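Please read them with the coordinates open.

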Amino acid sequence: MKIKKYIAPTMPDAMKRIRQDFGKDGVILNSKEVRTGGFLGFFTKPALEVIAAYDPDPLSTGNVMEQSEKPLPTIKNPAKQSSIEQEPVDEINEKNLFRIQDKAKDKPIPFVGPHLPQSIEKLTHSLTAQGIQPELRTAVVDHLLRSWYREDSESVAEQLIEKWLEESLLKLISDRPFGEFDYTKKFLNLIGPTGVGKTTTIAKIAADAVLNKKKKAALITTDTYRIAAIDQLKTYAEILNIPLEIAYNNEDFKQAKERFKDYDVIFVDSAGRNFKNKQYVQDLKQIIQFDSEMENYLVLSMTSKYSDMIKIANQFTSVPIKKLIFTKKDETDTYGDLLNILHETGLGIAYVTTGQNVPDDITEATPQQIVSLLIGDRHHA
């Protein structure tokens, strides 16, 4: 079997080149969207990477001939179905489109649609239901296909596909920083929009520091816009028997830092505001000193729309964000946006919270935890 890679602006362009090289017996194995050209990463153009193959020994089983006599569907590029022109199936190969020859065993592998084995096709539907972005789904499917065709038999592949899925998802986030605050910095500051649960979350982290890690801790709040937030944090401070300072401006913040200079760790609860207002970040900078002593975690709610999460993250590009914290896991059944936001921002996750109970409803984030959320939810789909 001869295999060749093509880079083309559209699927019809790729098919034209495949026909020139392989005639009507060419088979498309896989396709994905890529970016080409440009200079230093700018001005790139979208294109398709298409993997095609040609087997000089056509399949001769009667079942395949019977398959080719049935009404044939049309080809779509799975990476960008909505914008790629469709081509008739018979322009590729009526006999080999649904089956690819397994040379080692002389046995065809059944396909659903033009590219995917049935088990992998089923997984793509689950990943789509989870809300995972097309680019990431394509990367997962590519890993599954490569693993599938390396196996000696379809039955073995069926048994291993769950393992391959887990491996591929872990690979996507393995280079991100995960894990709780390690206390190498003196200040932990939580920032983010209103309503995501920053005050409750910082109380949970502070409680763990005091009760479990035996740290001498203090609290500073700059959330002077909501009286309820101050009262809430005062209550937590009294329960934990730790001091709280309210900073209305930069001078107040400096004085609070000086007062707590002998403490092990200071937790900062910043004001939550409308993330669409760019002045919010500027106001934060006027109060909080974002220096080398401080780690900043951006708090996001799992119930937010992915588009809103991206806008929120973009608003804080001028602030050195160390990691993310995701709240309200108990209020949603889909977790694909966790994967999406990690890919988009390059950040990792420190904590995941699951409810309002302090200090219980918070867990340290790990790559395995995130993958388990995705796979575990899929089992119930």
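1. In this predicted model, D269 is buried yet takes part in no salt bridge, and the nearest side chain of opposite charge, K198, is 5.4 Å away.

2. What does the side chain of D269 make a polar contact with? The partner is the side chain of T199, at 2.8 Å. D269 itself is found in strand β11, which covers residues 265–269, and, leaving aside residues up to four places away in sequence, D269 touches L190, K198, T199, I202, I220, T221, T222, D223 and L233.

3. Across the whole structure the search finds nine salt bridges. One of them joins D21 to K4, with the closest N and O atoms 3.0 Å apart; since D21 lies in helix α1 (residues 11–22) and K4 in strand β1 (residues 2–8), the pair ties together parts that are 17 residues apart in sequence. D21 is partly exposed, with a relative accessible area of 40%, and K4 also counts as partly exposed, at 38%.

4. A salt bridge also links E49 with K5, where the closest N and O atoms are 4.0 Å apart. E49 belongs to strand β3 (residues 45–54) and K5 to strand β1, so this pair connects parts that are 44 residues apart in sequence. E49 counts as buried, at 16% relative accessibility.

5. The salt bridge between the side chains of D142 and R146 has an N to O distance of 2.8 Å, and both residues lie in helix α4 (residues 134–150), four residues apart, which is about one turn of the helix. D142 counts as buried, at 18% relative accessibility.

6. Turning to the aromatic rings, the count comes to three aromatic pairs. F181 and Y297 form an edge-to-face pair, with 6.5 Å from centre to centre and 80 degrees between the planes. F181 lies in the loop between α5 (154–173) and β8 (187–191), whereas Y297 lies in strand β12 (residues 294–301), so the pair ties together parts that are 116 residues apart in sequence. Both F181 and Y297 are buried, and together with Y183 they form one aromatic cluster.

7. Two lysines deserve a look beside these rings. K215 lies over the face of Y183, at 5.1 Å from the ring centre, while K216 lies over the face of Y263, at 4.5 Å from the ring centre.

Note on methods
Residues numbered from 1 in each chain as written. Predicted model: local features only at pLDDT ≥ 70, side-chain atom pairs only at ≥ 80, totals over all residues. Heavy atoms only, no water. Phe/Tyr/Trp six-rings, centres within 6.5 Å; stacked < 30°, edge-to-face > 60°. Helix = DSSP H or I, 4+ residues; strand = E, 2+ residues; numbered from the N terminus. Buried < 20%, exposed > 50% of the residue type's maximum accessible area, 1.4 Å probe, protein only. Lys NZ or Arg CZ within 6 Å of the ring centre and 35° of its normal. Lys, Arg positive; Asp, Glu negative; His and termini not counted. Polar contact = N/O pair within 3.5 Å; in protein donor to acceptor, adjacent residues only side chain to side chain. Contact = heavy atoms within 4.5 Å.
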